[in-house]
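Dear colleague,

Please find below the structure that I am handing over to you. My findings follow directly after it.

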Amino acid sequence: MSIIGIACNPQSGKDIRRLLTAATTIDDMEKLNILERILLSAAAVGDQKVYLMPDRLGYGRLLLQKRQSPGYPGDLSQLEVYDMERTETQSDTIFFASEMERIGADVLIVMGGDGTSRAAAKGTRRVPMISMSTGTNNVYPELMEGTVAGMAAAVLAGHMVPAEQCAAMAKCIEVWKNGEPVDIALIDLVFCRNPFIGSKAIWNYEEIDQVVVTQCSMASIGFSSLVGAAIRVGRQEEWGATAEFTGGRPNTLAPVGAGTVRGVRVRNVRRLALGEPVTRTMDYQGTLALDGEREIFFQPGDVITCKVTRNGPLRVDVDTAIESARIRGCFQL
């Protein structure tokens, strides 16, 4: 039986940055509608079992109730809410993704922002992943129609197109603290002078010391755009980049957040070859933010090492998957 996993983060797009910027809010009803479109389009293309990660809002329960409505035209019979305990933290996404790998899922759809995709990547880097943008800073996930995501997932789940033809290992930043591996980031790693985890999000840009990125462009928002104000690194290019940020007179504008363009001072910008280590012995107390969220505390004397590698998740190119299936005649009646 073909298996599609779906991890929909109910908290994505709802963090404190909504109070500080003009960031988009995707409400629960819209996420439910996106899920419904994914399921209906996947069922139209092929037969599969779909496991949905459980959540406190009960997206799965609401969809199954809709299925039982008189006159409902769609088929949601493939849906099942996965049986697992909930913690209402990113650990749910990590565990669910690891379970999808364990049971042999053919594809995993992740609905959220950079942080949600990162959590899924910590659970599996073997299951092909379709990352849909429903979060705050959406550099890794893509803005796409749920119908298209469902079609691509069905194509992969039904083995209509070989996964290696439309999925490839993404870049990531691997992080070590005092010689021990501690975490990964998919887009950016920020050395922050604020020692408190707090609400995790960074909103005081004067606290940023250094940023390491897997990709960056001034045409995106968030911390990667700070580096992108000085250099561009594409998703497929075989290097990353880093830059330092200091106080003093700004030397460039950067789109630091939704609706927020401000002056920043960027210096010591350089490309990083894949596998090239960035090592620092810290001389202050602070935190490391991974894909926009402060996660790791450090203190003076701690040695932080990071590298941009190709050890990230299997990223699905949705356009390639669907076009390859079309060429093969998979959609012909």
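This is a predicted model: local features need pLDDT of at least 70, side-chain atom pairs count only at pLDDT 80 or more; totals for chains, interfaces and linings use all residues.

In helix H3, which spans residues 59-67, the residues Tyr59, Gly60 and Leu63 are buried. Around the axis they cover an arc of only 95°, so they lie on the same side of H3. In general, an α-helix has 3.6 residues a turn, so residues three or four places apart point the same way.

As to the chain as a whole, its secondary structure amounts to nine helices and 19 strands. The radius of gyration is 20 Å, close to the 20 Å given by the globule rule for 333 residues, and the chain is therefore as compact as a globular protein of that length. Along the principal axes, the C-alpha atoms fill a box of roughly 65 × 40 × 35 Å.

Of the 333 residues, 54% count as buried. Where contacts join residues at least 6 apart in sequence, 68% of them link residues at least 24 apart.

The accessible surface of the chain is about 14300 Å², and carbon and sulfur atoms account for 50% of this area. With regard to charge, the chain carries 35 positive and 39 negative side chains. The centres of these two sets are 4 Å apart.

Yours sincerely

Notes:
Residues are numbered from 1 along each chain as its sequence is written. Side-chain values use heavy atoms; hydrogens and water are left out. Helices (H or I, at least four residues) and strands (E, at least two) are DSSP runs, numbered from the N terminus. The radius of gyration is taken over C-alpha atoms; the globule rule is 2.2 Å times the number of residues to the power 0.38. Buried means under 20% relative accessible area, exposed over 50%, partly exposed in between (1.4 Å probe, protein chains only). Contact means heavy atoms within 4.5 Å. Accessible areas come from the Shrake-Rupley method with a 1.4 Å probe; for residues, only the protein chains shown count as cover. Lys and Arg count as positive and Asp and Glu as negative; His and the chain ends are not counted. The place of a charge is taken as NZ of Lys, CZ of Arg, CG of Asp or CD of Glu. The arc is that of the directions from the helix axis to the C-beta atoms.
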